[in-house]
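Thanks for coming, everyone. Please take a look at the model on the screen before I go through it.

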Amino acid sequence: MTDPVLQVSPDLPVSPAVQVSPVLQVRDLRVVHPGPVTALDGLSFDLAPGQVLGLVGESGSGKSAAALALLGLHRRTATTVTGEILLHRPDRPVLDVNAASDAELRTARGPELAMVFQEPLTSLDPYRRIGTQIATAYRLHTGASRPEARQRTAEVLERVGIDPKRARDYPHQFSGGMRQRVLIAMALALRPRVLVADEPTTALDVTVQAQILRLLDELRAETGMALVLVSHDVGVVGGLADEVVVLRQGRPVERGATGRLLGAPEHPYTRQLLEAVPRLDAPLPERKAPAADDVLVSVEGLRVDFGSVRALRGVDLTVRRGETLGIVGESGSGKSTLGRTLVRLQDPTAGAVRFEGADLAAWRGRELRRRRHELQMVFQDPTSSLNPRRLIGDSVAEPLRVQGGHDEAALRAEAVGLLERVGLSAEHADRYPHQLSGGQRQRAAIARALILRPKLIVCDEPVSALDVTTQAQVVALLRELREEFELTLVFIAHDLAVVRSVSDRVAVMRGGEVVETLAAAELTRPRHEYTRALLDAVPRLEAVVSPG
């Protein structure tokens, strides 16, 4: 049975902002991709100046399809968009985005409607300085002179917390959070009346996420800009939005004032989303603690330099056999570098990583090939780590094929068996990565890591880009696989609640150093002030809910 399309009704709770004339009205918006596949069906809302509307839902719920439609970005594709998107402009006729000409849309994008995309690294031109990119967009829409554009660029960079001197830097010279600030600055330069932010904080650590959300809230308050915030993270939306629309399989199933909807959801799907949100106060599953003296990996005085940049500064830690060690910290803290060094994908500058007492750096040639299968890694982005030109079954079987000694029938059987074990099917083996969802691709990546029966798997941000329900499923899967395959896991993430739920112990990193290691149950009672600062930055639903 499918969910009925939610209709906009006068008795739905609304924020005070919607009592004034709307800047944007959406009526019965429908987006259909070739196939046909209905990505969005029946979205309607009013957005007032200064109001924040949150669109939440799982992957495939239609959130991004809606965001692209609001700016007319499905145009000139095979996708069909119907319904009304009405932009109200002072002293100018109302603009219907779907009916507007290309020239009218080009004029409206920027000064009227702007968008911040999920992945700034792909949204920014890697060959152009960020100041040039902001100034070019400003000049195209305003006709400003070069000095005026440079001045405006400096103003908006300073407003988003970036030193204007860095206008001459390239995108790769910025962290993920700083690149997201550059995109916000580019949108802000033209003073848009409506900003659409599509997953603006996905894959950012909790402190940077809090900074970006605080910045968006300040800009909304200062300029009266309306904001459509698209996210799978209910906590992020809850901390900023006045109203929330919940989408499921393209259909809006619930809408209401944020406090009411999060505090007393009416639709079962909304309740399901909220139940899947990882919480720092959730009870932890009971599990026998691994023996403290049974050490699988020991790290001693580990230092890694990249030119003049010191990524790791004398790290010391142990990973016990059979445990899950969580590693948390901000972007640039050295988490991923440490993870890559643990599996010999990065050689240390100084210090040592010992696996079952043997120095990994001493593994060379035949010895390295013989023991490589014992150390595996699951990367953050399976889209980049899976070959887009190979079938999933072939990618999963490839590590075993490289080891030799198996015919193709045996390789196929082993790959299909592991795909089924991680919740996929034999049919998925004959699909390409782009034909799978994000969660399915990550499951395939886990199957590939398992096929060599490793002793240690390092999972580097394996759930950061997944929606909360898929995230919960992958975390539960990793718990099961750890017991079934007698694995030792290193779980790297920026989400403290997720790390706490899956780990036995947690190491907290800052500036290339481990500042604290503690039991997962003690994570909410840290000794170090930096760990307390990380906890304070975590969005909490309890702060925004109100009783129904």
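Across the interface of domain 1 and domain 2, five residue pairs are in polar contact, both residues at pLDDT 80 or more. A polar contact here is a pair of N or O atoms within 3.5 Å; within protein, one must be able to donate a hydrogen and the other to accept it, and residues adjacent in sequence count only if both atoms are side-chain atoms.

Which elements supply the domain 1 side? α2 (102-108) and α7 (206-223) each supply at least two residues of the side that touches domain 2. The largest share, eight residues, comes from α7. Helices (H or I, at least four residues) and strands (E, at least two) are DSSP runs, numbered from the N terminus. By type, this side of domain 1 has ten nonpolar, three polar and six charged residues. Ala, Val, Leu, Ile, Met, Phe, Trp, Tyr, Cys and Pro count as nonpolar, Asp, Glu, Lys and Arg as charged, and the others, Gly among them, as polar.

Now a word on the source. This is a predicted model: local features need pLDDT of at least 70, side-chain atom pairs count only at pLDDT 80 or more, and totals for chains, interfaces and linings use all residues. Residues are numbered from 1 along each chain as its sequence is written, and side-chain values use heavy atoms, with hydrogens and water left out.

Where are the domains? Domain 1 is 24-112 + 192-276, domain 2 is 124-191, and domain 3 is 295-387 + 454-537. These bounds come from an automatic or database domain assignment. The C-alpha centres of domain 1 and domain 2 are 24 Å apart. In contact (heavy atoms within 4.5 Å) are 19 residues of domain 1 and twelve residues of domain 2.

Next, the area. The two domains bury about 1,200 Å² between them, 66% of it on carbon and sulfur atoms. That is the accessible area (1.4 Å probe) that two parts lose on being put together, summed over both. In domain 1, P192, L215 and L219 lose the most area to domain 2, together 35% of what that side buries.

On to salt bridges. The definition is a side-chain nitrogen of Lys or Arg within 4 Å of a carboxyl oxygen of Asp or Glu. The rule gives 39 of them, and two cross the interface of domain 1 and domain 2. R159 pairs with E222, with the closest N and O atoms 2.8 Å apart. R251 and D41 also form a salt bridge, at 3.0 Å from N to O. R251 lies in strand β10 (residues 251-257) and D41 in strand β2 (residues 37-47), so this pair ties together parts that are 210 residues apart in sequence.

Last, the backbone. Most residues other than glycine have a negative phi, and most peptide bonds are trans. Which residues have a positive phi although they are not glycine? D28 is one, at about 50°, and it is in strand β1. E199 is another, also at about 50°, in the loop between β7 (194-198) and α7. The peptide bond from G35 to P36 is cis, with omega near -5°. P36 is in the loop between β1 (24-33) and β2.
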